[in-house]
Amino acid sequence: MSAMAISPTAMPLLEVDKVTVRFGGVLAIDDVSFTVERGDLLGLIGPNGAGKTTMLRAITGVVQPERGSVRLSGRPLDGMSIERRIRLGMALSQQLVKPFRDITVADNVALAAGYRKTLSPLRALLSLSRSEELRVAGELLERVGIARHGEDNPAVMPLGVLKRLEVARALALQPLLLLLDEPLAGLNSQEAESLATTISDINAQGVTIVLIEHNLGEVLRICKRLVVLDNGRKIAEGEPKSVMHLETVRAAYLGNGAGDERHNRQPRGGDDA
Amino acid sequence: MNYEISLMTTMAISVLFALSLNLITGFCGQISLGHAAFLGVGAYLAAMLAKAGVPFLATLPLAMLLAGAVGTVVGLTSLRVRADFLAITTMGVGFLFVGIVRQREWLGGELGIAGITGSNMSKLGFMLFTVLCAILVMALCVYLRRSWMGRVFNGIAEDEDTMRVLGINVPRYKLAAFAIGTALAGLTGALYAYHFQYIGPDSFGFVESITVLSMVVVGGIGSVVGVTVAAALLSALPAWFQFIGDYKLLVYGSLLFLMIRFVPDGMAGLVRRHLFKRRAEGGSK
């Protein structure tokens, strides 16, 4: 995947074009468009229930949009399975960590790093060696700062380690586009800051990133651009500092100055799917 | 001596059959309650071909091919339904097979097919051949477990949704598991037909599917050695204790229930825990 030559054309890496997602009668995403350029670190933010995770699911193919199109390097992804999209150069770090619990932390990363060997069952059947994948796994665990837990069982690891494992496993796919769904959730401020710095470093090394995150401080610190969703609509886009100064964003996101009807949705926590 | 040779052959056939199910259910996590149907497909094809004069060694790959093809089609259901629903669907396939065979005159109907020509080998030769097949399939399973295919199967058994996020084409791997597992069941079925020289619809019914599943569960789902030992022992039981033959479903069904309730990881799990405990004690001294 990474071998794919980065073409010098001005074509954006990811294009989300007028995507609308409806769950029954509920309009979860309403006609949202944005693009992600190569090398970008885009923060996709918004209050709970704004449709951020749904947007991510439309990009990865977990949910099918009612209208609109998603393109990667100009190639339409509509109707493609998740695994096809991943093979085209995406990787997803999920909000709820899902390590395989009967293999070690390093084995988890190595499993993802073997993506070339697991392309087809036949190739997988004829491939035995794992030394290269374990080496890659070691490097990635080092990169996200949990190298000392490589031989541990994920079942007994704290959330802070598992969140990093999730990121390392996504990186093992050597993606062009890395999608991170709340990687900092559940971490203490110190852990969050160090993982955010790692994410910023990964971006600096050439991986394009879309980040969904509630930790606004870290988002403003590391993101190059923001897209703000509210009630399924895109309400702002642009430089982090200027976006956060917009009245509409402050109203939607911070819940002040926009009347009381916004207030009752603020205290809600948890999943925004 | 003849009795021991025959018993040994039966045990080897059971080991082969249990390993073939272990590949689907143990390695890849796809439960099947109708696995005996694929044993039947292999056995019926081998019986028909043997009667038509096709040589023994030629019928084996053909039995594998047909059972594997039918198994792949049945495996398609595993792409749509999971867990409990897959269990019910495969159980239905098992009943369907027996139902069809019973109604077909050219398959011997209720009476089955008798007088199947032997393999041209001596009893001892056939036993050695069957044992050799079992050893080769064991080696294949051990290899597969260590290959990247085994690692992917393992991941699918635990969490197939996450495997898709890692870019794994889960449907293709599931079909591969069904194809390999059912083809091996077809091979086993052909050996079964040559060994007993009689087959009937009752040889491949629900009771046989439960029996083989209990062998896999008793041995330890996924464990090659555990399943081999359990299949060898459990297939010898009815020979040693005549009454088990009459209460097969009760005995194997209870065994299945008790194991899943109290020792879900089977004998292999018991041994592993025991060794681990000893090692831990040894380490603390």
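Two strands count as paired if DSSP finds at least two bridges between them. With that in hand, welcome to a predicted model in which strand β1 (residues 14-23) of chain A is joined to strand β4 (residues 67-72) of chain A by five bridges.

**Strands of chain A**
- β1(A) and β4(A) run antiparallel, and A:Val16 sits opposite A:Val70 of β4(A).
- β4(A) also pairs with strand β5 (residues 75-76) of chain A, again antiparallel, over two bridges.
- Two residues lie between the strands of the β4(A) and β5(A) hairpin, where A:Ser73 adopts a positive phi near 50 degrees.

**Helix α4 of chain B**
- α4(B) (residues 83-103) has 21 residues and spans 31 Å from its first C-alpha to its last, close to the expected 30 Å.
- Its buried residues are B:Leu86, B:Thr90, B:Val93, B:Gly94, B:Phe97, B:Val98 and B:Val101.

**Where the chains meet**
- On chain B, 20 residues are in contact with 22 residues of chain A.
- α5 (123-146), α6 (148-165) and α7 (170-196) of chain B each supply at least two residues of the side touching chain A, and α6(B) gives the most, with ten residues.
- That side of chain B comprises nine nonpolar, five polar and six charged residues.

Methods
Residues are numbered from 1 along each chain as its sequence is written. Chains are lettered from A and ligands numbered from 1 in the order in which they are written. This is a predicted model: local features need pLDDT of at least 70, side-chain atom pairs count only at pLDDT 80 or more; totals for chains, interfaces and linings use all residues. Two residues are in contact if their C-beta atoms, placed from the backbone, lie within 7 Å. Helices (H or I, at least four residues) and strands (E, at least two) are DSSP runs, numbered from the N terminus. Ala, Val, Leu, Ile, Met, Phe, Trp, Tyr, Cys and Pro count as nonpolar, Asp, Glu, Lys and Arg as charged, and the others, Gly among them, as polar. The expected span of a helix is 1.5 Å times one less than its number of residues. A residue is buried if 20 or more other C-beta atoms lie within 10 Å of its own, exposed if 12 or fewer, and partly exposed in between; C-beta atoms are placed from the backbone.
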